[in-house]
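Below is a short briefing on a single protein chain and its ligand. Topics are grouped under plain headings.

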Amino acid sequence: MITPASRFNLDNTIAVVTGASSGIGCHMATALAESGAKVVVLARREDTLNALCVDVKSTYPHAQIHSVTSDLLAVTDFDALAVELSEPFGAPTCLINAAGVNYREPVDDISVESWNQTLNLNLSVPFFLARALVSGMQNNGSIINIASLQSVRAFANSMPYGASKGGVAQLTRAMAEAWGPQGIRANAIAPGFFPTELTKAVFDNPEKAAANAAQTCLGRNGALDDLTGPMLFLCSAASAYVTGQVLYVDGGFTAR
Ligand SMILES: NC(=O)c1ccc[n+]([C@@H]2O[C@H](COP(=O)([O-])OP(=O)(O)OC[C@H]3O[C@@H](n4cnc5c(N)ncnc54)[C@H](OP(=O)(O)O)[C@@H]3O)[C@@H](O)[C@H]2O)c1
């Protein structure tokens, strides 16, 4: 019987989470495994991913989680990567593109290399990885990209990052348009400021962190658990008619 709560059930979900060795990807992978999804985690740091799998399995004995180590900037064959990601549990039904970088360089210091790396990892990889996985999703797929306040706002020392995240918002709509007829949904979560390795420079500066908190309607920066509910909603059948959307989980930062 379908009940309101059962719409959030993830028992048949096989999720791939990139960028799962730290921060937002790590938190989302853990929450998915705790919620009953089978989870494949991907990043470059093998030891960190292995430690995550051990930790999740010891905390949630029912959890099914497996790691794949990969440098996404070095991948030349995304179809082969999709095959590797399908080996532990079968074809993934959910992809969370959480791997990302922001080198925070002043405009005059941005090199061609750092520009290309940022655009490739934050924008191109989510497309190529999703395209390699959609054929296996079989009328039941959910892609979640991670957008940003910088999808719609400009911040100092972040030009390539902002360009990539503006692109992620549009990529999300284009994915929804392209793959909706196959029953695949694509949405983005746009977090406000959350404390992770990526935002260490911001949170190490109490004045900056306080100014960002003051800009929100709720008067505080994000805690990783603030992302759990929105992520579970977008992964599950609870959001069956939601696609092509960017959900700002930012305490109202962009509302002001
Ligand atoms: N934190 C925030 O406030 C915030 C706000 C808005 C948007 N976001 C977005 O959220 C996503 C996650 O960010 P985060 O804050 O969680 O940052 P984070 O803690 O620095 O995590 C970034 C992840 O990306 C992985 N990664 C980096 N380069 C990679 C590569 N070449 N191949 C494979 N994986 C790679 C890292 O793992 P390895 O180093 O092990 O490879 C790490 O797991 C990013 O897209 C970011 O733009 C974050």
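A residue is called buried if 20 or more other C-beta atoms lie within 10 Å of its own, exposed if 12 or fewer do, and partly exposed in between, with C-beta atoms placed from the backbone. The model is a predicted one: local features need pLDDT of at least 70, side-chain atom pairs count only at pLDDT 80 or more, and totals for chains, interfaces and linings use all residues. Residue numbers start from 1 along each chain as its sequence is written. Helices (H or I, at least four residues) and strands (E, at least two) are DSSP runs numbered from the N terminus.

**The sheet**

- Seven strands form an open sheet, in the order β3-β2-β1-β4-β5-β6-β7 and with parallel pairing; two strands pair if DSSP finds at least two bridges between them.
- β3 (64–69) and β7 stand at the edges with a single partner strand each, so one side of each has no neighbour in the sheet.
- On average, neighbouring strands are turned by 20 degrees against each other, direction ignored; the axes are lines fitted to C-alpha atoms, for helices over the stretch in contact, and angles run from 0 to 180 degrees between N-to-C directions.
- Strands of a sheet pair through backbone hydrogen bonds, either parallel or antiparallel.

- In β6, 8 of the 8 residues are buried, so the strand is largely enclosed by the rest of the structure.
- Both faces are covered: I184, A186, A188 and A190 are buried on one side, and R185, N187, I189 and P191 on the other.
- β6 pairs with β5 in the parallel sense over 6 bridges, and S142 has R185 of β6 as its bridge partner.
- β6 also runs parallel to β7, joined by 4 bridges, with Y248 of β7 as the bridge partner of A190.

- Helix α8 (residues 228–235) has M231, L232, L234 and C235 as its buried residues.
- These residues lie on the same side of α8 because they cover an arc of only 165 degrees around the axis, the arc being that of the directions from the helix axis to the C-beta atoms.
- The buried residues of α8 pack against β1 (14–18), α1, β4 (94–97), β5 (141–146), β6 (184–191) and β7 (246–249); contact requires C-beta atoms, placed from the backbone, within 7 Å.
- The direction of α8 makes about 145 degrees with that of β5.

**Ligand shell**

- Around the ligand there are 30 residues, of which G19, G23, R44, G100 and L198 come nearest; a residue is near a molecule if its C-beta atom, placed from the backbone, lies within 6 Å of it.
- The shell divides into 14 nonpolar, 12 polar and 4 charged residues. Ala, Val, Leu, Ile, Met, Phe, Trp, Tyr, Cys and Pro count as nonpolar, Asp, Glu, Lys and Arg as charged, and the others, Gly among them, as polar.
- α1 (23–34) and α4 (112–134) each supply at least two residues of the shell, and α1 gives the most, with 3 residues.

**Loop residues**

- G183 sits in the loop between α5 (159–179) and β6 and is partly exposed, with 13 other C-beta atoms within 10 Å.
- Leaving aside neighbours within four places in sequence, G183 is in contact with N139, N140 and G141.
- N139 lies in the loop between α4 and β5 and is exposed, with 9 other C-beta atoms within 10 Å. Phi of N139 is near 65 degrees, a positive value in a residue other than glycine.
- R104, in the loop between β4 and α4, has a positive phi of about 50 degrees although it is not a glycine.

Methods. Two residues are in contact if their C-beta atoms, placed from the backbone, lie within 7 Å.
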